[in-house]
Amino acid sequence: MPRIDRARQGHARASIASAAARLIAEDGISDFQLAKKKALRQLGLPEGTRLPDNAEVEAELRAYQDIFQGDDQAEHLAALRETALEVMELLADFRPWLTGSVLDGTAGQYVDIDLLLFADSAKDVEIFLLNRNIPFEHAEPPNERVEAILVLPTELTDVRLTLLDPNLERVVFRGRDGRVRERARAETVREMLQTTAV
């Protein structure tokens, strides 16, 4: 490939990553692939243009949040983590783990809190919530290893509970881009909040 084409490809990838990050931060798009495709269309680039990977978009998202959202984003992230911790403590019997953008620090204004629960039965979690008059809705599981997804509304945002078999707790999950999906226990979330409060 000629050098000029490589330079154009690199510039296009960077432009798509930047535009996708802006869509995620401002419009609340949580699906990186969707944000990249929308950015491609917004920029008027041809369909065959090579898209940036999720790590490139995430780097641009962090930069965008630092520049344009600064303290507001930090306060919102802390509030999301506090809400996550409250729900994790409530559901401690089901071994909750925080994952997603609330954990990695890229959560925007419209993001849900993602928790993984490892319960013997999805019904056990539903009964637990019903007995405490905690409202929830069902969402469509993305694959066969997810037993159920329950969505709990809170004042701040929805909390998505992904219910999995306890045998999967030690399994390393990966995102669509192949990167390890990080997760943290309540103690780690508590430490993160204490660190940012200092």
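Leaving aside neighbours within four places in sequence, Leu 40 is in contact with Ile 16, Leu 45, Pro 46, Glu 47, Thr 49 and Leu 51. Leu 40 is found in helix α2. The structure described here is a predicted model. With a relative accessibility of 4%, Leu 40 counts as buried, because that value is under 20%. Between Leu 40 and Glu 140, which are 100 residues apart in sequence, the C-alpha to C-alpha separation is 28 Å.

The overall architecture was examined next. The secondary structure of the protein consists of six helices and six strands. From the N terminus on, these elements follow the order α-α-α-β-α-β-α-β-β-β-β-α. The C-alpha trace spans about 65 × 40 × 25 Å along its principal axes. Of the 198 residues in the protein, 41% are buried. Among contacts with a separation of 6 or more, 59% are made by residues 24 or more positions apart. The accessible surface of the protein amounts to about 11,500 Å², and carbon and sulfur atoms contribute 48% of this area.

The nonpolar interior was then considered. In soluble globular proteins, nonpolar side chains tend to be buried together. In the present model, the largest nonpolar core contains 32 residues, of which Leu 98, Leu 129 and Leu 161 touch the most other members. At least two residues of this core are supplied by each of α3, α4, β2, α5, β4, β5 and α6 (186-197). Helix α3 provides the largest share of the core, with six residues. A second, separate core comprises 16 residues and includes Ala 19, Ala 20, Ile 29 and Ala 35.

Strand β5 covers residues 158-164. Not counting residues up to four places away in sequence, Leu 161 touches Val 87, Leu 91, Leu 115, Leu 117, Leu 129, Ala 148, Ile 149, Leu 150 and Leu 152. Thr 162 is also placed in strand β5. The relative accessible area of Thr 162 is 12%, so this residue is buried. With residues up to four places away in sequence again excluded, Thr 162 touches Leu 115, Leu 116, Leu 117, Val 146, Ala 148 and Ile 149.

His 76 is found in helix α3. This histidine counts as buried because its relative accessibility is 11%, below the 20% limit for that class. Residues up to four places away in sequence being set aside, His 76 touches Gly 108, Gln 109 and Leu 156.

The largest pocket has a volume of about 1,500 Å³. Its lining comprises 42 residues, and those nearest the centre are Ser 30, Gly 100, Asp 114, Gly 175 and Arg 181. Two or more lining residues are given by each of α1 (3-27), α2 (32-42), α3 (54-90), α4 (101-104), β2 (113-118), β4 (146-153) and β5 (158-164). By class, the lining of the largest pocket has 15 nonpolar, 13 polar and 14 charged residues. Gly 175, one of the residues nearest the pocket centre, is found in the loop between β5 and β6 (183-184). Gly 175 has a relative accessible area of 32% and is therefore partly exposed. Although Gly 175 and Gly 100 are 75 residues apart along the chain, their C-alpha atoms are separated by 10.0 Å.

Backbone geometry was examined at two loop positions. Most residues other than glycine have a negative phi. Arg 95, which is not a glycine, has a positive phi of about 50°. This arginine is placed in the loop between α3 and β1 (97-99). Its relative accessible area is 30%, so Arg 95 is partly exposed. Asn 133, which is not a glycine, has a positive phi of about 55°. Asn 133 is found in the loop between α5 (122-131) and β3 (137-139). The relative accessibility of Asn 133 is 69%, and this residue therefore counts as exposed.

Notes: Residues numbered from 1 in each chain as written. Predicted model: local features only at pLDDT ≥ 70, side-chain atom pairs only at ≥ 80, totals over all residues. Heavy atoms only, no water. 1 Å grid on protein atoms, 1.4 Å probe; cavity = no way out; pocket = protein on both sides within 12 Å on 5 of 7 lines; lining within 4 Å. Points joined across faces, edges and corners; volume = space filled by probe spheres on them. Helix = DSSP H or I, 4+ residues; strand = E, 2+ residues; numbered from the N terminus. Nonpolar A, V, L, I, M, F, W, Y, C, P; charged D, E, K, R; others polar. Buried < 20%, exposed > 50% of the residue type's maximum accessible area, 1.4 Å probe, protein only. Contact = heavy atoms within 4.5 Å. Core = buried A, V, L, I, M, F, W, Y, C linked by side-chain atoms within 4.5 Å. Areas by Shrake-Rupley, 256 points an atom, 1.4 Å probe, with all protein chains shown as cover.
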